[in-house]
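Take a look at the chain shown here. Keep it in view as you read the short report.

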Amino acid sequence: MSVTATGEKLLRIAVPNKGALSVAASEILREAGYRQRSDSKELALIDVENGVEFFYLRPRDIALYVGEGTLDIGITGRDLLLDSGATAREVTQLGFGQSNFYFAGRGGEFTDLAQLEGKRIATSYVGVVQRFLDERGINATVTRLDGAVETSIKLGVADVIADVVETGSTLRAAGLETFGEVVLKSEGVLIARDIDEVPAGFDIFLRRLQGVLVARSYVMMDYDIRSEHVAKAVDLTPGIESPTVSPLHREGWVAVRAMVPRKGSQRLMDELFDIGARGILLTEINACRL
Ligand SMILES: Nc1ncnc2c1ncn2[C@@H]1O[C@H](COP(=O)(O)OP(=O)(O)OP(=O)(O)O)[C@@H](O)[C@H]1O
Ligand SMILES: O=P(O)(O)OC[C@H]1O[C@H](OP(=O)(O)OP(=O)(O)O)[C@H](O)[C@@H]1O
Ligand SMILES: [Mg+2]
């Protein structure tokens, strides 16, 4: 077991080594101030200054390592966590790697999920699919494939597939279309072992990641406004705790500072201008701890 110079245990963190989640996972960790590997062949990396050790693993295996307690926490996809059946829990979603999971078949052949009865279904997500069928009392044969599941219908191995759909271009190219409602909405998530005990260093790690998520989704808004309009303005920019309102040298005016969601911030500037705010500034937040 790795320890720091002062003898403290390192927090052991699993990070996707390849695939759709790996670049975004390393990016968020780097933004949170952690060292990340520079060579994609590196299997593990110790960041002793921050008391953590990273293990680069297949995202499909990460829930297993965390569930078994071999590693403390990990980054993987919600769909992979659910598929694994591991006893790990989702701590927070990370805002990347969004995907939808659907059933799909030949264009025009299927309209309803009840039509799955008796069919042969190919998927890389047997756990998710089997649970879905069991919950609805549908009998079907599920075959596990590693990838390229879209081709299995043409090759006569399956009648239906169940897979991740992002843009839909892979399905279209294979002459397939989704049917029924979305089975599962997924994204990159931080997972931990499903026990009460919190590993040392976990709180700091989580706070750092949450700081990055907030810095990504919020911006800082500053503006000046006449005191009689400040209540209306503050309704528009309530901030996270409460906005800072400071007096200006100019009589009857105040300066307001508040964090606002990045999304819709331009429209918010227009609305503030309309009620009399001036000198409206929008700046990036580089890092934060709420
Ligand atoms: N376009 C996409 N294709 C596949 N997975 C995606 C996509 N977008 C997001 N994801 C998510 O990425 C995770 C899949 O990780 P995985 O490493 O298996 O990716 P992959 O791109 O399929 O890699 P590989 O094909 O090398 O196995 C899942 O959580 C999935 O929901
Ligand atoms: O809706 P789209 O944007 O086309 O993306 C979805 C496709 O991408 C993934 O395949 P991947 O490239 O990972 O290949 P694989 O099947 O070998 O895993 C997924 O399994 C779908 O096939
Ligand atoms: Mg894939």
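## Basis

This is a predicted model; local features need pLDDT of at least 70, side-chain atom pairs count only at pLDDT 80 or more, and totals for chains, interfaces and linings use all residues. Residues are numbered from 1 along each chain as its sequence is written, while chains are lettered from A and ligands numbered from 1 in the order in which they are written.

Helices (H or I, at least four residues) and strands (E, at least two) are DSSP runs, numbered from the N terminus.

## Helix H1

Helix H1 spans residues 22–31, and its buried residues are Ala25, Ser26, Ile28 and Leu29. Buried means that 20 or more other C-beta atoms, placed from the backbone, lie within 10 Å of a residue's own. These four lie on the same side of H1, because they cover an arc of only 160° around the axis. The arc is that of the directions from the helix axis to the C-beta atoms.

Just after H1, glycine 33 has a positive phi of about 95°.

## Recorded domain

UniProt, in an unreviewed entry, lists residues 58–194 as "domain: ATP phosphoribosyltransferase catalytic". Such annotations may be inferred rather than shown by experiment. This stretch is 27% helix and 36% strand.

## The open sheet

Four strands form an open sheet, in the order S13-S14-S12-S15, with antiparallel pairing. Two strands pair if DSSP finds at least two bridges between them. The edge strands are S13 (244–247) and S15 (278–284). S13 and S14 (residues 253–261) pair over four bridges. Valine 245 has valine 256 in S14 as its bridge partner.

Note on methods
A residue is buried if 20 or more other C-beta atoms lie within 10 Å of its own, exposed if 12 or fewer, and partly exposed in between; C-beta atoms are placed from the backbone.
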